[in-house]
Structure formats: C-alpha cells, structure tokens
Amino acid sequence: MNLVTRACSAAGLLLTALTPAAWADDYQLSHNQRISCSRGLAPGKLNTATCKSYTYLFNTKTSEYFRCQVSLALTRDNKEVINVQTDGGCTKKPRIFETDGKYDFDATETEPPNTNSFFGPGGYSVWAADVGAQKIRGCITISSGLGSDISKCLDMTFQ
C-alpha cells in the first residue's frame with residue numbers, strides 16, 4: 001500500500017509540474033502553404049531544380065508570428081544526382097495586436113519575382129482576427145527594393 005501511495009504522490013507531483021505547460025501559448029499553422037520551383041541549366045549539361053515552400057506559425061494568444069521557409073536544391077546530370085542542398089528556418093515577426101487575447105490567423109505571399117512583384121522578392125499579407133470580438137486586422141508587407149520592407153496594418157470596419 002505504501003508503494004501505491006508513493007506512486008500516486010509522484011504522479012501528482014508530475015501533473016503539477018506539467019500544468020504550466022497547459023497554460024503555455026497556443027500555436028496555429030497557417031492554412032496557406034505554397035511551393036514554387038524553378039529549373040536552370042548550368043555548364044556541362046547540368047540541371048538544377050530549386051524548390052521553396054513557406055508557412056507561418058502564429059501565436060493565438062499574443063498575435064506574434066513566425067515566417068518559416070524551407071528550400072531544396074537538386075543538381076543532376078543525365079545519369080545521376082550530383083548534389084542536394086537544403087536550407088530553412090523561421091523568423092520572428094512583431095505582434096499584430098497590442099494585447100493578449102484569443103486570435104485566429106492566416107497568411108499568403110506573392111508568387112515568385114517573375115510574376116507580380118515589382119520591387120524584389122515580393123511581399124506577403126497576414127490577416128488576424130480576435131475570435132472573442134468582431135475585430136479583424138489586415139497587414140501587407142512588401143519589399144521596397146531599398147533594403148527594408150514596408151509593412152502597414154489596417155483595422156477593418158464593418159458596415
């Protein structure tokens with residue numbers, strides 16, 4: 001019986017230690033993931049294909065978010081794969097709302113630079129909504145072509 005009491009006490013302590021994890025911020029993955037690929041020819045009849053994909057990870061409590069990107073480059077000749085390289089990571093972005101709450105989020109990006117991007121690698125838009133109130137904020141960020149991105153947010157009005 002003493003062993004059962006010790007086991008229950010240990011389980012209780014373990015649950016108490018894990019309780020703060022339940023209070024941790026909640027994260028949501030954006031619903032719009034995209035992938036774009038390009039191909040190129042190199043000297044010696046080498047073919048290179050590069051694919052990039054991105055997503056956003058959103059903190060539903062604080063409205064901070066991360067832009068995450070992964071890329072893969074594959075170089076081959078007519079007979080074999082010569083080189084495979086991968087890269088990626090997430091970059092923290094500022095909060096969309098100043099106060100903590102319960103938020104929903106989505107994001108999308110422009111297509112690769114050869115389509116509708118005027119100044120560089122393109123831009124992205126993010127939308128965040130306070131799910132406890134009728135409050136939506138839309139933000140657009142574009143590359144200025146002069147070193148820093150330009151980002152503006154606007155609260156939506158309801159008519």
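Me: Two strands pair if DSSP finds at least two bridges between them. In this predicted model, what is the bridge partner of R137 in β9?
Reply: R137 has D155 as its bridge partner in β9. Elsewhere, I140 stands opposite K152, also in β9.

Me: What makes β8 and β9 a pair of strands?
Reply: The count of bridges. β8, residues 135-143, is joined to β9 by 7 bridges. Pairing needs at least two, so β8 and β9 pair. The two strands run antiparallel.

Me: How do you know that β7 pairs with β8?
Reply: By the same test: 8 bridges join β7 to β8, at least two are needed, and therefore the strands pair. They too run antiparallel. One of these bridges sets D130 against K135 in β8. A hairpin of 4 residues leads from β7 to β8.

Me: Which strands form the open sheet, and in what order?
Reply: The sheet has 4 strands, ordered β6-β7-β8-β9, with antiparallel pairing.

Me: What makes a strand of this sheet an edge strand?
Reply: Pairing on one side only, which is the case for β6 and for β9 (149-155). Ignoring direction, neighbouring strands of the sheet are turned by 15° against each other on average.

Me: Why is the link of C139 and C153 called a disulfide?
Reply: The sulfur atoms of C139 and C153 are 2.0 Å apart. The cut-off is within 2.5 Å, so the pair counts as a disulfide. With 110° about the S-S bond, the link is right-handed. C139 belongs to strand β8 and C153 to strand β9, 14 residues apart, and the pair links distant parts of the chain.

Me: C139 and C153: buried, partly exposed or exposed?
Reply: C139 has a relative accessible area of 4%, which is under 20%, so C139 is buried. C153 has 44% relative accessibility, between 20% and 50%, so C153 is partly exposed.

Me: How many disulfides does the structure hold?
Reply: There are 2 disulfides. Besides the pair above, C68 and C90 form one, with their sulfur atoms 2.0 Å apart. That distance is also within 2.5 Å, so the name applies here as well.

Me: Why is the disulfide of C68 and C90 right-handed?
Reply: Because the torsion about its S-S bond is about 110°. C68 lies in strand β4 (residues 65-76) and C90 in strand β5 (residues 81-93), so the pair ties together parts that are 22 residues apart in sequence.

Me: What makes C68 buried?
Reply: Its relative accessible area is 11%, under the 20% limit, so C68 is buried.

Me: Which residues of the largest nonpolar core touch the most other members?
Reply: Of its 13 residues, these are Y56, F58, Y65, I96, F105, V126 and A128. The elements giving two or more residues to this core are β3 (46-59), β6 (103-109) and β7 (123-130).

Me: What does A128 touch?
Reply: Leaving out residues up to four places away in sequence, A128 touches F58, I96, F97, D104, F105, K135, I136 and R137.

Technical notes:
Residues numbered from 1 in each chain as written. Predicted model: local features only at pLDDT ≥ 70, side-chain atom pairs only at ≥ 80, totals over all residues. Heavy atoms only, no water. Core = buried A, V, L, I, M, F, W, Y, C linked by side-chain atoms within 4.5 Å. Buried < 20%, exposed > 50% of the residue type's maximum accessible area, 1.4 Å probe, protein only. Contact = heavy atoms within 4.5 Å. Axes fitted to C-alpha atoms, helices over the stretch in contact; angles between N-to-C directions.
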